[in-house]
Amino acid sequence: MQSVTVELEAASTMELVNALSTIATELASREAPESAAACLELAEALVAASDKQESALAAFIGRVDATKEQARWGYPSTQAWLRSRLGMRDNRAKERLILARQRRRLPQVVEQLAAGELSYGYAVTVADSVSRLDDHDCAEAEATLLGFVDQGFSAGKVAAFGRRIRDLIAERDNTEDAPDEDSRRGYDKSWLTTTRSLDGGRYVKGWLNPEDAAIWDGTLAPLAKPAGPDDHRDLPERTAAALSSVLSGGHKASKVTVICDLETLTGGNAPARLTDGTPIPAAQARRIALAAGVSPLLLGRGNTPLYLGYRERFASAAQRQVLETLYSSCAVRGCEVPGTLCEIDHVHGWALGRSPTDIDQLALACGWHNRFKHANPDQIQITKDHDGRYVYRLLPPADARGPATEAGPPGSIGPPDNPALDWAA
């Protein structure tokens, strides 16, 4: 039995978390008391303590999400990090992310949750109810919904009140039934509008007429199906991944041609360009050329064309079929993007001359992790499983890596699976 001594005011946050972990380990190893009444009382006390921990966890997740720290560790989104690294089911990951993102707008909820005066279930319900309201309406809705909590209504009833509040606001603003400008375009023509967000993302809104909708369904619906029982992405996530795959060429060859010097493709700093003259930084040009299906036009001295790699040169349809049979999902451990939506990856880097387009030198990686792998080669450990498939494991950034995470030279073929190094499991 371990002993824990902590001076609360002087202890660092990490020391408190470590002490909590030690206590939780000891508690988990003990048998439940024989008395059912005692177990009921202990369960209520333990849940109340867990709710306070959720308050601290929401603050930690919120900081990670706001700074996009998870991307530095190889995860495309905060939700993917919660699912893959922390092993959360999809619904729980969404709940915690909503609470983390709404904390700054819900001071009363944050205060009461931290003090043990509000349960985690109520806190998430309020956070979800106000997530689509502006700051002014959010403040009023928070007070109203907490009032219902004080009256003893269940979390389900509070959620229903939250939906009613949104309906009333829509009626107040005359936005419930009034068609917006886009809707007044009619339904015979398809249209799309996009708006760029401050963080570089893009909101998409639109309408497809029946003919275009049939094309949409026929193209995306098969690609948006769950990859298997372990695919915990919801339909909107899978549809977005399918659309991204189609727009980028997916498993089909891209029509992009990158014009660059041979030195650029093999590690030089001279910029490349697209056929329309758009300049491409050398590092980005190499990442583009490493994606199977892109045609690099290599130039020698005096801009003399040396070689134009045709799309079929990079990965044949037969090779693609074999790889999709081998890889049901992205080669990165813990990534759930189906293999049918992944890109063909030259395991050791085609542009550097270390990975020919042979089937035993190829793997499937989703677009995000394919770019991450070639931009951060020191954060990928490559091994092979007993079936001969490549397994990519995410490693922490160099500044967060200790002796226990050293896994040999980046990109090397290492020893069999080692759970201690399985950072993405």
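Begin by selecting helices H5 and H7 in this predicted model: H5 passes H7 in a left-handed crossing. Helix H5 covers residues 90-102 and helix H7 covers residues 120-130. Their axes lie 9 Å apart and form an angle of about 70°. Because angles from 65 to 115 degrees count as roughly perpendicular, H5 is roughly perpendicular to H7.

Next, display the side chains where these two helices touch. Which residues of H5 meet H7? On the H5 side they are Arg92, Glu95, Arg96, Ile98, Leu99 and Gln102. Their partners in H7 are Tyr120, Ala123, Val124, Ala127, Asp128 and Val130. Colouring this contact by residue class shows seven nonpolar residues, one polar residue and four charged residues.

Now move to a second pair of helices. Select residues 107-114, which form helix H6, and residues 135-150, which form helix H8. Two packed helices are described by the angle between their axes and the distance between the axes. For H6 and H8, the angle is about 40° and the axes are 9 Å apart. How is H6 oriented to H8? The angle makes H6 oblique to H8.

Keep this pair on screen and show the residues that make the contact. Helix H6 contributes Pro107, Gln108, Val109 and Gln112. From helix H8 come Glu142, Ala143 and Leu146. By class, the residues of this contact divide into four nonpolar, two polar and one charged.

Is Tyr390 buried or exposed? With a relative accessible area of 5%, Tyr390 is buried, since buried means under 20% relative accessible area. Tyr390 and Asp360 are 30 residues apart along the chain, and their C-alpha atoms are separated by 9.1 Å.

Finally, return to the whole protein. In a cartoon view, the elements to look for are 16 helices and eleven strands. Of the 425 residues, 36% are buried, and Tyr390 is one of the buried residues. Switching to a surface view brings up an accessible surface of about 24,800 Å². Carbon and sulfur atoms account for 55% of that surface.

How values were computed: Residues are numbered from 1 along each chain as its sequence is written. This is a predicted model: local features need pLDDT of at least 70, side-chain atom pairs count only at pLDDT 80 or more; totals for chains, interfaces and linings use all residues. Side-chain values use heavy atoms; hydrogens and water are left out. Helices (H or I, at least four residues) and strands (E, at least two) are DSSP runs, numbered from the N terminus. Buried means under 20% relative accessible area, exposed over 50%, partly exposed in between (1.4 Å probe, protein chains only). Accessible areas come from the Shrake-Rupley method with a 1.4 Å probe; for residues, only the protein chains shown count as cover. Axes are lines fitted to C-alpha atoms, for helices over the stretch in contact, and angles run from 0 to 180 degrees between N-to-C directions. Angles under 35 degrees count as roughly parallel, over 145 as roughly antiparallel, 65 to 115 as roughly perpendicular and the rest as oblique. Contact means heavy atoms within 4.5 Å. Ala, Val, Leu, Ile, Met, Phe, Trp, Tyr, Cys and Pro count as nonpolar, Asp, Glu, Lys and Arg as charged, and the others, Gly among them, as polar. A crossing is left-handed if the near helix is turned anticlockwise from the far one by less than a right angle, and right-handed if clockwise.
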